[in-house]
Structures are given as structure tokens and as C-alpha cells.
Amino acid sequence: MSIIYKQEEKYFNLHTQNTTYQIGINQYGYVLHNYYGRRIADVSMNQLLNLYDRGFSGNPSQAGRDRTFSLDTAALEYTGCGIGDYRISSCGVLNEDGSMAADLQYAGYNIYRGKQGIPGMPAAYDNGGECETLEIVLEDPCTKLRAVLIYNVFEKADMITRRVRFENHGDGAVRLERALSVCLDMQPGSWDLIHFHGRHCMERQPERLRQPHGITRISSKRGSSSHQHNPFVIMAAPETVETNGDCYGMMLVYSGDYAAEIEMDQMNSTRIVMGINPDTFSWKLEKEAVFDTPEVIMGFTHEGLGTLSQMYHRFIRNNICRGKYKNARRPVLVNNWEGTYFDFTHEKLEAIAGEAAKLGIEMFVLDDGWFGKRDDDCSGLGDWKVNENKVHLARLAQTVNEMGMKFGLWIEPEMVNEDSDLYREHPGWALKIPGRDPARARYQLVLDFSRVEIVDAVYEQIASVLSSCNIEYVKWDMNRSLADTWSAALPADRQGEIRHRFVLGVYHFAERLVNDFPHVLLEGCSGGGGRFDAGMLYYAPQIWCSDDTDAEERVLIQYGTSFGYPASTVGSHVSAVPNHQTGRISTMDLRGMVAMSGMLGYELDLTTLKKSDKTKVRQQIKTYKKYADLVMNGNYYRLTDPVKEPDYCAWSFVSENRKKCLVNFVNLHTRANGPLINVRFRGLNPEANYKIQGEKNQGGQKIYNGAALMYGGYIFPVFTGDGETVQLYLQEVR
């Protein structure tokens with residue numbers, strides 16, 4: 001069993017293959033966090049709970065004259081509020097009498113095999129009984145508000161998921177002002193916070209900083225997980241690097257407003273909480289009502305950041321992503337967006353598709369501009385009917401299929417233009433505050449997806465289009481942040497629920513889509529990577545990583561993304577030069593290598609390509625298909641750090657049995673009389689020998705020892721220009 005309860009000593013051990021998470025219950029009825037780290041035997045870790053009388057840290061009434069126990073200094077498994085813990089809180093409530101207090105005390109537990117889903121929300125799923133669940137019930141003895149702490153232990157995956165179910169067993173309503181999913185009181189000492197910030201067209205840039213005394217906050221209030229911050233953070237020991245050191249990961253399975261708050265307190269102890277952003281949230285919990293928080297995926301390893309990343313990669317591939325394309329190679333596609341934008345005709349689209357078929361591309365995707373009155377981004381959103389004056393959709397799909405390719409389509413279901421039939425008929429369907437002019441972004445407003453009837457009305461329009469012809473791919477975009485969040489469907493005292501209900505509406509739409517069209521490959525998008533999170537990956541097994549298609553910048557974006565998310569989830573395209581975002585001219589080799597380190601696609605007018613570039617496209621597609629399984633399912637290694645070493649970058653994919661390895665190296669900036677570049681490979685069998693294909697300026701295939709490549713390294717050739725690449729394929733030989 002992975003969950004063990006020691007009745008006499010009153011503690012729970014949650015064991016994974018390599019870790020132990022220990023929870024204790026003290027004599028005063030509070031649930032304490034004893035330990036989370038490397039796996040230990042079934043022994044109590046109470047020696048870590050040294051108690052002292054701390055000045056200005058009060059004591060609960062149950063403690064009587066025992067001044068050594070204080071909620072203000074104890075390592076708590078989940079906090080109440082307003083009762084003497086002055087650190088960041090897991091929850092916040094407003095009771096009927098106006099008080100803002102919750103004293104959450106131990107009230108029971110339950111252990112069972114398997115895992116339950118979360119109503120209306122994505123969550124990790126159990127594959128055939130691999131999971132065991134612990135529920136710990138906390139209750140306020142005065143208000144009868146319960147917080148059920150739910151732990152799901154995935155033993156072989158070395159992962160634990162956590163969430164909370166609030167239940168109101170009192171006589172009246174309470175208002176949840178904070179309802180976070182997880183609280184972790186870490187061991188005293190110094191910890192580094194690693195988070196992933198950015199902006200539109202430069203998402204998920206890693207930043208590492210020593211956690212100071214006080215509170216650090218990583219969050220989004222944009223209605224999505226956002227380009228600016230990702231709902232994934234790492235707490236690492238200061239000495240932790242890629243190959244060794246203690247590190248903890250927390251990833252929220254949620255696509256809306258969120259917050260991760262980290263505090264180092266007066267005693268040098270660090271607490272981290274994560275969940276729905278309380279700044280834009282409140283929830284009226286009626287008598288007998290239930291509220292479920294989203295789930296957090298937690299992982300720990302003492303083997304460094306690389307191992308932590310691989311743990312998350314496997315877990316997302318195996319326990320988050322679903323459907324036909326969960327483990328299947330994704331078709332190589334061409335998207336017409338940067339090739340034509342809105343300026344296309346039916347004939348132009350057929351010409352691009354025809355060229356794509358000749359080059360070996362497997363799917364043609366029609367992006368924005370196919371519906372309503374949509375010749376620019378000022379009108380048409382919400383009118384999901386084919387504009388037959390621009391394109392005959394069914395005929396185009398049939399033509400593409402006859403060329404031997406699949407056909408795909410772009411949608412943006414949450415949005416509406418004021419210049420649209422939908423808005424003219426239903427102006428009250430948009431999020432707007434009465435008496436105020438709404439904020440606009442990209443000339444569009446946001447539909448009130450907190451209302452199921454609006455979600456269903458939009459869905460029926462889009463489903464009708466998807467049923468009209470053979471559409472096998474959908475790109476779901478979201479091109480602005482939320483503002484003016486007021487809903488005509490809710491009373492004044494429930495307006496704080498809109499943003500969470502909006503996310504539930506998005507999930508309702510997505511669940512219907514994947515159930516009604518299981519053959520469709522759904523790709524998430526929000527102006528690129530503005531909603532790149534585990535919540536959307538539950539529905540869409542890949543996400544458009546960034547609107548920045550510049551290969552050099554994509555190296556940095558995909559590097560940061562790799563800390564939490566596998567390559568199989570990364571949509572990445574070869575685009576035209578000069579690049580449309582930066583104006584940079586990069587080689588076709590560089591663009592291809594970066595793109596095929598995710599799920600390969602093209603985004604340019606193929607009819608304008610030079611003959612030499614078309615030859616390279618054919619070769620890129622063959623290479624991608626050859627190594628696709630290794631890229632999707634192999635262990636990913638960051639061999640260099642392009643933040644510290646911006647002139648070059650190397651990364652690799654190694655099969656689970658260590659017999660195969662693909663090393664990608666890109667030379668971003670050539671230096672005159674530059675130094676030699678030595679890269680140490682990782683993940684190989686040190687006792688095995690490997691044959692290497694792809695070496696430049698080498699006669700024939702050489703044999704290298706695995707230990708020599710990992711401990712000594714590999715010297716890459718001297719480069720004579722920016723954008724040169726080397727791709728090495730290693731295969732074990734006997």
C-alpha cells in the first residue's frame with residue numbers, strides 16, 4: 001500500500017517509489033505537515049516539529065497553558081484563517097455573522113483505491129488502479145464548515161496530487177474568499193524559487209531567485225493562466241542543478257486566474273500555497289453546498305531539475321493528456337495564417353494545399369477569416385457560419401482529403417466582435433458592466449461563458465460546422481484577457497464567482513468537443529502560449545507554444561517550457577523569413593531543428609518557397625517522422641543553458657532503455673576565433689558503446705563509449721555562420 005496510517009502515533013505516510021509525504025495529527029486536533037522528501041521507512045518524523053514559546057505567537061484555546069504550540073509557527077497541512085496564524089492562508093471565509101474566521105480541526109479520514117474526478121474540471125486520472133487516495137476531513141466546530149483534503153498518490157510516477165473539497169454543514173451560507181488547493185510548509189532553511197515569466201511572444205522564461213523573508217507572489221488576473229506567468233513553480237535547494245539536488249514542483253491543473261504565494265517567515269520557514277487567485281474570486285457556499293478546488297500536481301526529487309522535469313513530462317503524457325492522439329504521432333501540418341492572414345481566396349488556399357501535398361505535409365489548416373464578415377479582426381467573431389464568398393469549406397476539405405491530407409480549422413469560441421450578427425442579436429451575452437463602456441482588446445469582447453446557455457449556443461454553431469465536412473483538427477484560440485466581468489445571470493452577492501464559472505464554461509465546451517468529435521486533434525492556443533497549462537492539456541494534447549515563430553527566440557521559449565511540459569505538448573512551426581515578429585533572417589536548418597523538437601508544422605506560403613528550401617522541407621519531414629517517437633516519449637535533457645550561454649544550445653531525447661538518443665545542437669551566434677564547445681551528454685548507459693550518425697566532417701560512423709560522452713563530453717565543430725545546426729543520432733552497439 002502507498003498510504004499507511006499509524007493509529008497509535010497518529011500519522012499518515014504517503015509513499016511513492018522514491019518519496020515519502022508524512023502528515024501528523026497532534027494532541028490538540030490540528031493536522032501538521034511532518035515531512036516531504038526522499039523515501040523513508042514507516043517511522044515518525046516528529047523530531048522535526050521542535051516546539052518553543054515564541055513571542056507574539058499566540059496559542060489555541062485547546063493548548064491551555066502550553067505556550068509551545070502556536071498556529072503561527074506550526075507546520076500546518078492546511079490553514080484556517082483569523083485564529084492566530086499570521087502567515088499566508090490557504091482559505092479565507094466570511095461567515096453569516098460577519099466574522100472572518102475558520103478553525104479547521106481534524107475530524108476523520110478515509111483511504112481507498114483509485115481516484116475520483118472533479119465535477120466539471122480537468123484532473124489527473126488513474127490508469128487501472130495505479131492510484132491510492134487519502135481524504136482527511138477538517139471541520140470548524142463552530143460553523144461546521146468542512147475542508148476535505150484530498151491526496152492522490154501515484155506511486156510509480158513519484159507524484160502526488162492535492163485538492164480540497166469545501167462542504168457547508170452549517171445552518172447558513174458562508175462566503176469563501178480564499179479557496180486554495182494546496183499548502184506546503186517546507187523545512188526551515190534557504191530555498192530558491194524558480195518560476196516562468198514572460199509576455200506575449202516571449203512566454204515561460206525561467207527566473208531563479210533566493211526566496212527572501214516576506215511574501216513572493218506569482219499570479220494571473222487575466223482570466224487565463226497567461227503569457228506573463230505560468231502556473232508551475234519549483235522550489236529548489238540553493239545548490240540544486242540539472243543533475244542533482246533537492247527540488248519540489250507544484251503545477252496547477254487550471255486555466256484561469258491563479259496565484260502561487262511563497263512566504264519565508266520569522267523563523268526562516270517557507271510556506272507555499274497555490275490555487276485560484278483570491279483577488280478575483282469569492283464563492284457563496286449555501287447550506288449543504290460543495291465547492292471543489294482545482295488540482296495541484298506535486299513532485300519531489302533529490303536528483304536535480306532534469307529528473308523533476310522528466311517526472312512531470314511522463315505524468316502529463318500518461319495521466320493528463322487523453323484521446324486518440326495521446327500517444328500517437330501528430331500529423332505534420334501547414335497553417336495558412338502567416339502565409340495569407342485574412343487575405344486569401346479559395347483558389348489561393350488550394351494552391352498552398354497542393355504544394356503541401358507534394359512536400360509530404362499531412363494536414364492543411366485553415367486559420368482565421370473563414371466565417372462571417374471576417375476580412376480583418378474588427379468583425380465577424382461569434383458568427384460561426386462559413387463565408388461562402390471567400391471559401392467553400394466542404395469543397396476545400398474534400399480537395400485536401402483527395403490530395404492525401406487531413407483538414408483542420410481555427411476557432412475562437414469565447415470571443416465576439418461588436419460588429420457581428422451574434423452581438424447585435426444578443427448584446428447582453430458579452431461581459432460588460434452596466435453603465436460602463438467595456439475595455440476592448442483586438443477589437444473584441446468576451447462572451448459570458450459563466451452562463452451555460454451561452455456556451456451551448458456557441459458550441460452548437462461550431463459543432464454544426466465541424467459536422468459539415470471531414471474536419472480532423474481544431475485550433476482553439478483566445479486572443480484577449482478578461483475585463484469588465486459582470487454577468488446578468490448572477491445577483492450582486494455572487495458576481496465574484498464569474499471568473500471561475502467562466503473557466504468551468506470553457507471546460508464544459510471542451511469536454512463536449514472531445515466527446516462529440518473524438519477523432520479530432522484539438523490544439524490549444526491563446527495568442528500563442530497564453531493558456532499553456534495542464535488544465536487545457538486535459539482536453540488538447542498539444543498547445544501552440546508561442547505566436548513568436550522566430551527560431552532563435554523559440555529556443556528560449558521551448559527551453560523554459562521544457563521544465564514542466566513535454567515536447568509532445570509543444571506546437572512548433574517553421575515560418576518565413578524575414579520573421580514576421582522580429583524581422584530576423586535565420587537558416588531553414590535552424591528553423592527546422594527547433595520546430596521538430598516539438599510537434600512539427602509549417603506556417604508560411606509554400607508556393608513562394610525556393611526549390612532548395614522545398615528540398616529541405618521534404619528532408620525535415622522525413623527526419624521528424626523517423627525520430628517522432630523518441631521526441632514524444634523519450635527522456636528530455638537540457639544539455640546547455642541558453643540563458644547563461646546564449647551563443648548556442650543543445651538538448652537531447654533518450655529512449656527509456658537508453659539504447660537510442662537524439663542530440664540537437666544549434667549555433668545561434670558565431671564568435672571570431674571562438675572557443676571550443678564541449679557538451680556532456682546525459683542519460684546514456686555508461687557501460688555501452690554508441691554509433692553516432694550525423695557528425696560533420698567525419699568520415700564514416702565512429703563508435704563512442706557512453707561514459708566517455710557523459711563524463712568527458714563531445715566537442716562540436718567550429719562554426720562559420722549563425723544558425724548552423726548539428727543533429728546526432730546515437731544507437732547502442734554490441
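By class, 11 nonpolar, 6 polar and 2 charged residues make up the lining of the largest cavity. That is where our tour begins, and the model you have open is a predicted one.

**Stop 1: the largest cavity.** Which of them provides the largest share? Look at α9, which supplies 5 residues.

**Stop 2: the second largest cavity.** In all, the structure holds 6 cavities of 30 Å³ or more. The volume here is about 100 Å³. Sorted by class, its lining has 9 nonpolar, 2 polar and 2 charged residues.

**Stop 3: the largest pocket.** Next, move to the largest pocket, with a volume of about 480 Å³. Select His200, Asp477, Asn479, Gly527 and Asp547: of the 28 lining residues, these are the closest to the centre of the pocket. How do the lining residues divide by class? There are 6 nonpolar, 12 polar and 10 charged ones.

**Stop 4: helix α3.** Select residues 346–359 to bring up helix α3, which has 14 residues. From its first C-alpha to its last, α3 reaches 20 Å, close to the 20 Å expected at 1.5 Å a residue. Now pick out its buried residues: His346, Leu349, Ile352, Ala353, Gly354, Glu355, Ala356 and Leu359. What covers them? Show β21 (333–335), α2 (337–340), β22 (363–366), α4 (393–402) and α11 (611–633), which are included in that cover. Before you leave, step just past the end of α3 to Gly360, which takes a positive phi of about 95°.

Stop 5: Cys131 is buried, with a relative accessible area of 0%. Select Cys183 next; Cys183 is in no disulfide either, and the nearest cysteine sulfur, that of Cys91, is 10.0 Å away. A pair of sulfur atoms has to be within 2.5 Å to count. Is Cys183 buried or exposed? Cys183 is buried, with a relative accessible area of 1%.

**Stop 6: Gln727 in strand β38.** For the last stop, select residues 724–733, which form strand β38, and find Gln727 in the strand. Setting aside residues up to four places away in sequence, Gln727 touches Met593, Met596, Thr623, Tyr627, Leu662, Val663, Asn664, Gln693 and Gly694. Then draw a distance from Gln727 to Tyr312, C-alpha to C-alpha: the two are 26 Å apart in space and 415 residues apart in sequence.

How values were computed:
Residues are numbered from 1 along each chain as its sequence is written. This is a predicted model: local features need pLDDT of at least 70, side-chain atom pairs count only at pLDDT 80 or more; totals for chains, interfaces and linings use all residues. Side-chain values use heavy atoms; hydrogens and water are left out. On a 1 Å grid over the protein atoms alone, a cavity is a set of points where a 1.4 Å probe fits but cannot get out, and a pocket is an open set with protein on both sides within 12 Å along at least five of seven lines; lining residues have an atom within 4 Å of a point. Grid points are joined across faces, edges and corners, and a volume is the space filled by probe spheres set on the points. Ala, Val, Leu, Ile, Met, Phe, Trp, Tyr, Cys and Pro count as nonpolar, Asp, Glu, Lys and Arg as charged, and the others, Gly among them, as polar. Buried means under 20% relative accessible area, exposed over 50%, partly exposed in between (1.4 Å probe, protein chains only). Helices (H or I, at least four residues) and strands (E, at least two) are DSSP runs, numbered from the N terminus. The expected span of a helix is 1.5 Å times one less than its number of residues. Contact means heavy atoms within 4.5 Å.
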